[in-house]
Amino acid sequence: MTDELTPQQAGAVARTVLDEVERAVVGKRRPLELVMLGVLAGGHVLIEDLPGLGKTLLARSFATALGLEFTRIQFTPDLLPSDVTGAPFYDQKSGEMVFRPGPVFTQLLLADEINRTPPKTQAALLEAMAESQVSLDGVTRPLPKPFIVIATDNPIEYEGTYSLPEAQLDRFLLRTRMGYLPVQDEAAMLKRRLDRAAPEAVLDAKSDASQVLAMRESLERVEVDDDLIGYVVALIDATRAHAQVQVGASPRGGLALVQLARAHAVLRDRDYVVPEDVKAVAVPALAHRITLRPELWVRRISTDDVVAGIVESVPTPRTTPNPAQPAARA
């Protein structure tokens, strides 16, 4: 069992993991950081972007660098809930029904193209994501710890896809996007491929399951002042009162914002939260939790834009960091 980690020690391990993942995923430090924040904060991550931008490589690289067991499910229209959770089968030797665990019984699960499967199969993940367990035939089976879902979602293809229901979107701690590489980074990526003479970089484990759990525990020692709690509540309330929003963020959104802000502080080598931590994670934490009024779809206003505007409009509290604490990283 790994000893307890201080927030500073957890931050050092997290940055080492990020540096290792960046050997395989070039030029994507911001999305990589957001995924790491999701891991630290004990949640699940939705990556919504175009095909071929490295989403699968990102998930596999994190599993390797974190030292976690990895399973991938390719979601398709004919995928059944039992294909995800597992199902009982008849064992001819014993003459009894025996449960065969599905691919969800892992530590890091890649749910690839989750919007390609019907809602019934998507819902099979809900209990696993919310409770880290699977209930079948009156028996509840716990999942391994940690249990992390990284799901990918292709936003451009509508034929043969099924929109994620709001209840499932709300289970994701954050949503991020990869985006195209800048020209210079794309050239560097191609050069790395030629130099190593292999399709992918071979990564090393920089952590293990017990250390991931210890890093998560360290977040509970990150201080959040009352004025920052008020700031988070003000941001959540602003999503509900906004003229362009039909359904605002749920209370789960506030919990996600606090935990992600704590994780952001840890990654910056601090054991206290400042307003900039909250601002840095507000859009990834909240944009997928709100629903815009239908007439705004024609005007191509995104939830990201609305949340970013809310962050700009809500007054920032004036907090004075404890001078005894280490300085924030740039």
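Predicted model: local features only at pLDDT ≥ 70, side-chain atom pairs only at ≥ 80, totals over all residues.
Is Glu 4 buried or exposed? Residues are numbered from 1 along each chain as its sequence is written, and side-chain values use heavy atoms, with hydrogens and water left out.

Back to Glu 4. Glu 4 is exposed, because its relative accessible area is 67%. For these words, buried means under 20% relative accessible area, exposed means over 50%, and partly exposed is in between, with a 1.4 Å probe and protein chains only. Glu 4 sits in the segment before helix 1 (7–21). Leaving aside residues up to four places away in sequence, Glu 4 touches Gln 9 and Arg 221; a contact here means heavy atoms within 4.5 Å. Pro 31 is 27 residues from Glu 4 along the chain, and their C-alpha atoms are separated by 27 Å.

Now let's step back to the whole protein. There are 13 helices and 11 strands. Both are DSSP runs numbered from the N terminus: helices are H or I with at least four residues, and strands are E with at least two. The C-alpha atoms fill a box of roughly 70 × 50 × 45 Å along the principal axes.

How does the radius of gyration fit a compact globule? For 330 residues such a globule would have a value near 20 Å, and the protein has 21 Å, which agrees. That radius is taken over C-alpha atoms, and the globule rule is 2.2 Å times the number of residues to the power 0.38.

Of the 330 residues, 48% count as buried. The accessible surface comes to about 16,000 Å², and 53% of it belongs to carbon and sulfur atoms. Those areas come from the Shrake-Rupley method with a 1.4 Å probe, and for residues only the protein chains shown count as cover. Among contacts with a separation of 6 or more, 79% are between residues 24 or more positions apart.

Next, the inside. In soluble globular proteins, nonpolar side chains tend to be buried together. A nonpolar core, in our sense, is a set of buried Ala, Val, Leu, Ile, Met, Phe, Trp, Tyr and Cys residues joined through side-chain atoms within 4.5 Å. The largest core here has 73 residues, and Met 36, Phe 62, Met 215 and Leu 257 touch the most other members. Helix 10 (residues 251–267) gives the most to this core, with 8 residues. A second, separate core has 23 residues, including Leu 46, Ile 73, Leu 125 and Val 134.

Take Phe 62 as an example. Not counting residues up to four places away in sequence, Phe 62 touches Val 17, Leu 18, Val 21, Leu 32, Val 35, Met 36 and Leu 108.

Thr 239 is another one to find on screen, in helix 9 (residues 226–241). Thr 239 is buried, because its relative accessible area is 1%. Beyond residues up to four places away in sequence, Thr 239 touches Val 245, Gly 248, Ala 249, Ile 290 and Ile 310. Glu 217 is 22 residues from Thr 239 in sequence and 30 Å away in space, C-alpha to C-alpha.

Now for the backbone. Most residues other than glycine have a negative phi, and most peptide bonds are trans. Which peptide bond is cis? The one from Lys 145 to Pro 146 is, with omega near -5°. Pro 146 lies in the loop between strand 7 and strand 8 (148–153).

Ser 132 has a positive phi, near 55°, and its place is in the loop between helix 5 (119–131) and strand 6. With 30% relative accessibility, Ser 132 counts as partly exposed. Asp 269 also has a positive phi, near 70°, and lies in the loop between helix 10 and helix 11 (275–286). Asp 269 is buried, because its relative accessible area is 17%.

One last stop: Asp 137, in the loop between strand 6 (133–136) and strand 7 (139–142). Asp 137 counts as exposed, because its relative accessibility is 65%. Asp 137 and Glu 20 are 117 residues apart in sequence and 42 Å apart in space, C-alpha to C-alpha.
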